[in-house]
Amino acid sequence: MTDNVLEIRDLAVEFKTDTGITHALRDVSFDVPRGKVTAVVGESGSGKSVTANCIMRIIQPPGKIVSGDMMFSPTRTDPYDIVSLDNKDPRLVDLRGDLISMVFQEPMTALSPVYTVGNQVAEAILCHRDVTEEEAWEEAADMLTRVGIDDVPRRIHQYPFEFSGGMRQRVVIAMALVCNPEVLICDEPTTALDVTIQAEILTLIRDLQQELSNSVLFITHDLGVVAQLADQVVVMYQGRVLEIGTVRQVLKEPLHPYTRGLLAAIPGIVPKGQRLETIASVVGDSDIETAYPLTRLKDGREVSLSPEALREIDNE
Amino acid sequence: MRSYVIKRLIGMVPTLLLISMIVFVVIQLPPGDIVTSTLDRLQAQGVEISAEQVQNLRAQYKLDKPMVLQYLYWIGNFVTGDMGYSYLYSRPVNELVWERLGYTLLISISALLFTWAVAVPAGMFSAVRQYSVGDYVLTTVMLVGLATPSFLLALVAMYAGYEWFGISIGGLFSPEYRDVPWSLARVGDFLSHLWIPMIVVGLGGTASTMRILRANLLDELNKPYVVTARAKGVPPIKLLIKYPLRIAINPFISTIGLLLPVLISGEAIVSIVLNLPTTGPALIQAIVNQDMYLAGSFLMLLAILTVVGMLLSDLLLAWADPRIRYE
């Protein structure tokens, strides 16, 4: 058995829209080592979340995986390629929520407002294991206690709107971890939270990762978070992987000019009057200024879909 | 919760009193009364009535008393459950109302069930398969249904029922069962007549219900909580029903209470076309003929059902949506 729980190879995802075909991912390849934290960094639109959704196979139409494979090697079952799974494949049911689970960006909207948190956490267990309702609720209560929710016997019967943002994110984390998944995907779990809560949630994720020793794929655009949490870093830009390395390597001696630009753009203490670095066009294609997704138009031209480009296309 | 309901119920009293006064005044507003409209009818038939007889009639119906007294007399009896006497039908209003309300209730509820049974699955399909052929077909059919006046539909349904199924036209019973006591055969006959009003009355609401459900569901389908539940491994059908549908259906729950007043006033035209013994046509007849007590009673019942329906809506919505319950 390899040491990688997930090996992504040449993954390509396209979104077919009225404007043309947008290449959300092109030839993305990286490994998720078992029991480690892998961070995927990149700016908005670089394909981080699309990658995560591909792993869960919850990519929404018109998005479509067009090529590549994702070899998943869980300890509980035989390895298989996630991309080749049929939509009705029973393994997909185990994949979602049981073997791999996900924490989303928006704790305020990630829970249904009309069910109690206990109901929603216990449901994750009931979907995957043959237990009674009471047993599921008991396990849910245990997990909620572990993620640091006080007074669980009372809180478990409350609705999401009775929780603060940070507490809700704890509930979402409990929901994701309650089946003890082999891979936990965190899609910018702290972006919507304020800074002090961010720190708490990050500590919680790190502690639980060490305790449960599952593999974590941590998606973020915050390099500070990467430094705190990650073992390995994957840098993405415009649907491509630019650089892969250990956290030390990437943060101390970045190889790719884009990564250097990314690091230089972190706001720090700068002398008065000095401007913050911005990321200029550093990637090979000279006409690309920012990370707008590459799109092949119907006439075959490839453009970066900036607002200006869109306006031009509309005028034609 | 209980104190809230009691508070609301007490709050209804002044509202209803005010409505009762307005109702009474409005009924009295048009020139003439039941006696003049009776006179008109009799004179059209060539019957002469002396001024003395007219006076006697007025006295008999207490129409010679001042309006305030008439109001007090009416509302006093109404509160004790006596809704007065219908001049038009020469029967107590109570009898008339209860007899018609039963049928109206049956037709309204079956029509509502029909509406939901068709609109909810259709709306779900349309939303989940947005812009598919099925979505367009359903939408087109529903819009045609929405654009067709229900009385026209009633005529078509009656023709179809007679032509293809041999069901006698109109009414809720075949002629041979019209005035006999209830029996199993009569119930069967009733049910065989029920489906036309059920579909005709129900179809009007189906199109709008389906379109609203489709729009609500489309709003909810890609909400983060649905994606979260999907990532949790909830199977597709359960996911659809438990998460987005549960939220998309909330606005409809709040409209259930508003259906109460429709029990009395609704679908009068269809009822007239189909010759149904419901409350709608009776209300119109009562108003046209200035049958004071019958019209007043109907309007008062309408008002009561409206305010009770509002309370019921609020309670149902609170039951359905915890966010409202806790405020």
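**Exercise 1. Two helices in chain B**

At what angle do helix α1 and helix α4 of chain B pack, and how far apart are their axes? Work out how to describe their arrangement, bearing in mind that this is a predicted model.

*Solution.* 
Step 1. Recall that two packed helices are described by the angle between their axes and the distance between the axes.
Step 2. Find the helices: α1(B) covers residues 2–28 and α4(B) covers residues 67–79. They pack at an angle of about 125°, and their axes are 11 Å apart.
Step 3. Name the arrangement. Angles over 145 degrees count as roughly antiparallel and 65 to 115 as roughly perpendicular, with oblique for the rest, so α1(B) is oblique to α4(B).
Step 4. Look at the residues. From α1(B), S20(B), M21(B), F24(B) and Q28(B) meet M67(B), Y71(B), W74(B) and I75(B) of α4(B). Sorted by class, this contact has 6 nonpolar and 2 polar residues, with no charged ones.

**Exercise 2. Another pair in chain B**

Describe the packing of α5(B) with α15(B) in the same way.

*Solution.* 
Step 1. Helix α5(B) spans residues 93–128 and helix α15(B) spans residues 292–320; their angle is about 45° and their axes lie 10 Å apart.
Step 2. The two helices are therefore oblique to each other, and their crossing is right-handed.
Step 3. On the α5(B) side you will find V93(B), L96(B) and V97(B), which meet Y293(B), L294(B), S297(B) and L301(B) in α15(B). This contact is made up of 6 nonpolar residues, 1 polar residue and no charged residues.

**Exercise 3. A hairpin in chain A**

In which sense do strands β9(A) and β10(A) pair?

*Solution.* 
Step 1. Locate β9(A) at residues 232–237 and β10(A) at residues 240–246; they pair in the antiparallel sense, over 6 bridges.
Step 2. Pick out one position: M236(A) stands opposite V241(A) in β10(A).
Step 3. Now check the turn. The strands form a hairpin with 2 residues between them, and Q238(A) in the turn has a positive phi of about 50°.

**Exercise 4. Where the chains meet**

How many residues of chain A are in contact with chain B?

*Solution.* 
Step 1. Count each side: 24 residues of chain A are in contact with 17 residues of chain B.
Step 2. Find the contributors. On the side of chain A that touches chain B, β6 (100–103) and α3 (117–128) of chain A each supply at least two residues. The most comes from α3(A), with 4 residues.
Step 3. Sort that side of chain A by class: 14 nonpolar, 6 polar and 4 charged residues.

Conventions
Residues numbered from 1 in each chain as written. Chains lettered and ligands numbered in written order. Predicted model: local features only at pLDDT ≥ 70, side-chain atom pairs only at ≥ 80, totals over all residues. Contact = placed C-beta atoms within 7 Å. Nonpolar A, V, L, I, M, F, W, Y, C, P; charged D, E, K, R; others polar. Axes fitted to C-alpha atoms, helices over the stretch in contact; angles between N-to-C directions. Parallel < 35°, antiparallel > 145°, perpendicular 65-115°, else oblique. Pairing = 2+ DSSP bridges. Left-handed = near helix turned anticlockwise from the far one by under 90°.
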